[in-house]
Amino acid sequence: MSNRVYIFDTTLRDGEQVPGCQLNTIEKIEVARQLEKLGVDIIEAGFPVSSPGDFNSVVEISKAVSNPTICALTRAVKKDIEVAADALQFAKKGRIHTGIGTSPYHIYNKLNSTPEAIIERAVEAVKFAKKFVEDVEFYAEDAGRSENEYLARVIEAVIKAGATVVNIPDTTGYCLPSEYGEKIAYLVNNVPNIDKAIISTHCHNDLGMATANSISGIINGARQVEVTMNGIGERAGNTSLEEIVMTLRCHKDLNFDTGIDSKQIMKTSGLVSTLMRMPIQPNKAIVGRNAFSHSSGIHQDGVLKNRENYEIIDPVDVGVKESSIVLTARSGRAALKHRLSVLGYNFEPAEVDEIYQKFLELADKKKDITDEDLEILVGRNVEKDSKRPLKLESLQVVCGKSTIPTATVQVNFNGDVFTETASGNGPIDAAFTAVKALVKRRVRLEEFLIQAITRGSDDLGKVHVQIEHQGHTYYGFSAHTDIITASVEAFLDALGKIQ
């Protein structure tokens, strides 16, 4: 049996069933193209018969991407299958995903049918789909609560009818990992023609076990796993793509490969979150903002000594530049010393001890300690200003509804004053463009953050910038009631740290 695990992404179908998170066709194409960069094998693009919009999305996604197989969902209904086949006409590789419920709940309560009639409908649907595409996937809805012996009969029949993939969904998220793994193993050992099809998992997260169930299914013989980005989906969501990929990547002893470019994970996650207007919970595995953040002093010290002490995943491998050392009342001297070093301060151990006591007093009053808090704490603001190689002498900005934003910047560079004027997309962009022309440095702005310190229109605004130059990262900070001035000063602060 192959150790290649195929990634079937259903973000655009099952994931989009979250209330209030529907995407238009253009947004779906953008996600599909990013999923192609990520390296997914199959994209379930929609349920064509459900609406004209879904039909059109399948058509346009089929045109927009080349490498992944494009899959369209149907019920075991001829009209559904005909519409799906029509929607897939432009797909380089098309798949029809058809199926029917196989649990007692679905057979008797939902479909008002009998076990034998269900098998007949399943076989008929697969045979009909096979007339349009070679690649036909069959789903046994609510397989998680289906009787194994009956499920095996259904699977044997649809494979005989031509199914190339058999999907064993835990539709309600009911199964325990051991139960679901045993179900997959039962099919592997009791369906005579199982070698002629790929077994797929499709697990929901109602009890928080979707990823565990999917991994158990893979270990027991499944070679396709159906997932969504960020684990979004109906009710409590689906199996999370990033969790499956990185679990298999971490547990090399399992010897499974997905072929996913994991460095695209954060970018894909952010795109889906933004377009679907679904914020990611901070403690979400792999892609949450706290996934690689450390605030405990013991953990911070361990990570600074060796990342692997507390991280089983290198953040770079999922598209995160580096781990975050967050300063709080739980942080230790090692973390404080590290952050001060990043800001350009190097103290003797005795000095660090003295600063650390002041730091703890402040940290007990605030949730997080910022860089400007540390600047004030070490009492170096005035001294630092006097030593800055780049200082803003004057700034004049012209902007408005019918005016091209233009900025004239005057900068003191080690005693010499230089002036530059530039235009841009806005006043800050124009000012930054002028500064870059002055300093003649090729830098990339990686992060630009504006925060209010108090409240009101006369508020003092804080600006943090992060720039990249020749592979190195530099940080800048400033605060001012004029947010454009604060932005330029923060940019100059970061540029001034480049040796």
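A residue is buried when its relative accessible area is under 20%, exposed when it is over 50%, and partly exposed in between (1.4 Å probe, protein chains only). By that rule His-204 is buried, because its relative accessible area is 5%. The model is predicted: local features need pLDDT of at least 70, side-chain atom pairs count only at pLDDT 80 or more, and totals for chains, interfaces and linings use all residues. Numbering runs from 1 along each chain as its sequence is written, and side-chain values use heavy atoms, with hydrogens and water left out.

Start with the annotated site. An unreviewed UniProt entry lists Asp-14, His-202, His-204 and Asn-238 under "binding site". They are spread over 225 residues of sequence, yet they cluster in space, with a largest C-alpha distance of 10.4 Å.

Turn to Asp-14. It sits in the loop between β1 (6-9) and α1 (25-38); helices (H or I, at least four residues) and strands (E, at least two) are DSSP runs, numbered from the N terminus. Asp-14 is buried because its relative accessibility is 3%. Beyond neighbours within four places in sequence, Asp-14 contacts His-202, His-204, Gly-233, Glu-234 and Asn-238; contact means heavy atoms within 4.5 Å. The side chains of Asp-14 and His-202 form a polar contact of 3.0 Å.

Back to His-204. This residue lies in the loop between β7 (198-203) and α8 (210-219). Residues up to four places away in sequence aside, His-204 touches several others, including Asp-170, Thr-171, Arg-235 and Asn-238. A polar contact of 3.4 Å links its side chain to that of Asp-14.

How values were computed. UniProt positions renumbered as here; feature names shortened; annotations may be inferred. Polar contact = N/O pair within 3.5 Å; in protein donor to acceptor, adjacent residues only side chain to side chain.
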